[in-house]
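Me: I would like to go through this structure and ask what stands behind each label. Please set the values against the cut-offs.

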Amino acid sequence: MSGKAKHTAAVSLGVMAAGFAATIPWADHTWVRLLQSGFEAGLVGGLADWFAVTALFRHPLGIPIPHTALLPNNRKRVTEALITTVEQELISKESIHSKLAGLKIVSRGLEGAERVLESDKTQQSIAVLCERLLDYIPWDRIPALLEKEIRQRIDALEAAPALRKALDQVYQHQGDEKALDFLLDLAEQLAMTRETQHRLGAMAAQAMHGLQTNGFMQLAVNAFLGFYNEEKLGAMIQQFLWNAIRDMKRQGNKNRLALLAELRVRLERWLADPETADTLDAWKVRLLDNLDLSARTERWVEQLKERLVETVREPDFAERYAIPFLKELLSRIREDEEGMEKLEQWVHEQLGRWVEANHSKIGALIRENVDRFDNETLIALMEDKIGSDLQWIRVNGALCGFLIGLVLGTVKMFV
């Protein structure tokens, strides 16, 4: 574009020169003399503007005329002026702070993040990123840390108070009654079997045969044994046990309440005994020694790693786990108005500090980029960017000069 404008400017200057030369032989004619005045002024204007435009970048015709080649000779001043203008006017600290103050950076960032999460590419990237993050986790260090943490917590745990709290929870949720009902159900199942009936009958008969009585009592025992054989004795005892267990199962039964009360009393005494605490602490130490925590923690961590890798590699991992988690996290952050305000304030403070620390680098960057060009390259670059407009100055100078020449020629005709 600059070359085309330069050609147009040269043509306009050539037209003015040719017009002036062509009108010289017929200068006696009034209308020709008027045109000659226009061409003469146009030629002077075109040459003056050519000189002015050329003098910006180089010496006209290579002649070192004073105050020409302005840009090369004043390169340092031009560079400093450009830097000053950019730093203090165009991109000043105040203007940057003013623009940043009106921006909701965190809010816009969260909105952008939510939009990005919807893309398929993001979901694929999240899955790949999570799998890579798993590779960066120092899995070999975790078992030792986990073992240390478990030992510290168990060592700090007082067994007796912990058992006291456990019993309180058992009582609160009627765990002792449920345990008793379980035992009664088990006793009922065992007592009502055919084998139990035979054993009970045999034991009762053996016990009665072993009674050492005399006289009438011995006759009564023998008569009873003659009437009730082992099978009948077992059935009778079995029925007695069944009735007793059934009674114990009923809520509010006196025997049931008495048994539960006695159980609680004995547990309280056992817990209050100082030897119990020592016994529990010794048991805790033996448990840690026999548990082989080192091997167990290594196995737990290895299993955890395998599960995580399998989960991350599932086709729907990002859509099912990662994306909903990230969306929920973003939603909670946005709903926390106070937290959002503090976060916005923190971001603006950090950006403000960054601007203060790096604003001078703008000028350094401009100077660095300008200094890497030599004069010829810099002039060629500027002519390429603004040369077109400068060449049109020459065209306009020639045309304006021509018109002014016509006006002045007309004035001279009538003076």
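The turns below take up salt bridges, a helix face, a ring pair and a backbone angle.

Reply: Before the labels, note that this is a predicted model, in which local features need pLDDT of at least 70, side-chain atom pairs count only at pLDDT 80 or more, and totals for chains, interfaces and linings use all residues. Residues are numbered from 1 along each chain as its sequence is written, and side-chain values use heavy atoms, with hydrogens and water left out.

Me: Why is the contact of Arg-256 and Glu-177 called a salt bridge?

Reply: A salt bridge needs a side-chain nitrogen of Lys or Arg within 4 Å of a carboxyl oxygen of Asp or Glu. For Arg-256 and Glu-177 the N to O distance is 3.6 Å, so the pair meets the rule. Counted this way, there are 15 salt bridges.

Me: What makes the pair of Arg-256 and Glu-177 a tie between separate parts?

Reply: Arg-256 belongs to helix H14 (residues 254-272) and Glu-177 to helix H10 (residues 175-191), so the bridge joins parts that are 79 residues apart in sequence. Helices here are DSSP runs of H or I with at least four residues, numbered from the N terminus. Both Arg-256 and Glu-177 are buried.

Me: How do you know that Lys-249 bridges to Asp-185?

Reply: The N to O distance between the side chains of Lys-249 and Asp-185 is 2.4 Å, so the pair falls within the cut-off. Lys-249 lies in helix H13 (residues 230-249) and Asp-185 in H10, so parts 64 residues apart in sequence are tied together.

Me: Why is Lys-249 called partly exposed, and Glu-188 buried?

Reply: Buried means under 20% relative accessible area and exposed over 50%, with partly exposed in between (1.4 Å probe, protein chains only). Lys-249 has 24% relative accessibility and therefore counts as partly exposed. Asp-185, at 32%, is also partly exposed. Glu-188 has a relative accessible area of 12%, so it is buried.

Me: Which residues make up the salt-bridge network?

Reply: The network links Asp-185, Glu-188, Arg-246 and Lys-249. One of its contacts joins the side chains of Glu-188 and Lys-249 at 2.5 Å, N to O. Glu-188 lies in H10 and Lys-249 in H13, so this pair ties parts 61 residues apart in sequence.

Me: What makes the buried residues of H10 a face?

Reply: The buried residues of H10 are Asp-176, Glu-177, Leu-180, Leu-184, Glu-188 and Ala-191. Down the axis of H10 they fall within an arc of 110°, so they line one face of the helix; the arc is taken from the directions from the helix axis to the C-beta atoms. Turned away from that buried side are the exposed residues Lys-178, Phe-182, Gln-189 and Leu-190.

Me: Why is the pair of Phe-317 and Tyr-321 called tilted?

Reply: Rings of Phe, Tyr and Trp (its six-membered ring) pair if their centres lie within 6.5 Å; planes under 30 degrees apart count as stacked, over 60 as edge-to-face and the rest as tilted. Phe-317 and Tyr-321 are 6.0 Å apart centre to centre with 35° between the planes, so they form a tilted pair. The structure holds 1 aromatic pair. Both residues lie in helix H17 (residues 317-335), 4 residues apart, about one turn of the helix. Phe-317 is buried at 9% relative accessibility, whereas Tyr-321 is partly exposed at 36%.

Me: What is the phi of Gln-174, and where is Gln-174 found?

Reply: Gln-174 is not a glycine, yet has a positive phi of about 55°. Gln-174 sits in the loop between helix H9 (159-172) and H10. With a relative accessible area of 45%, Gln-174 is partly exposed.

How values were computed. Helix = DSSP H or I, 4+ residues; strand = E, 2+ residues; numbered from the N terminus.
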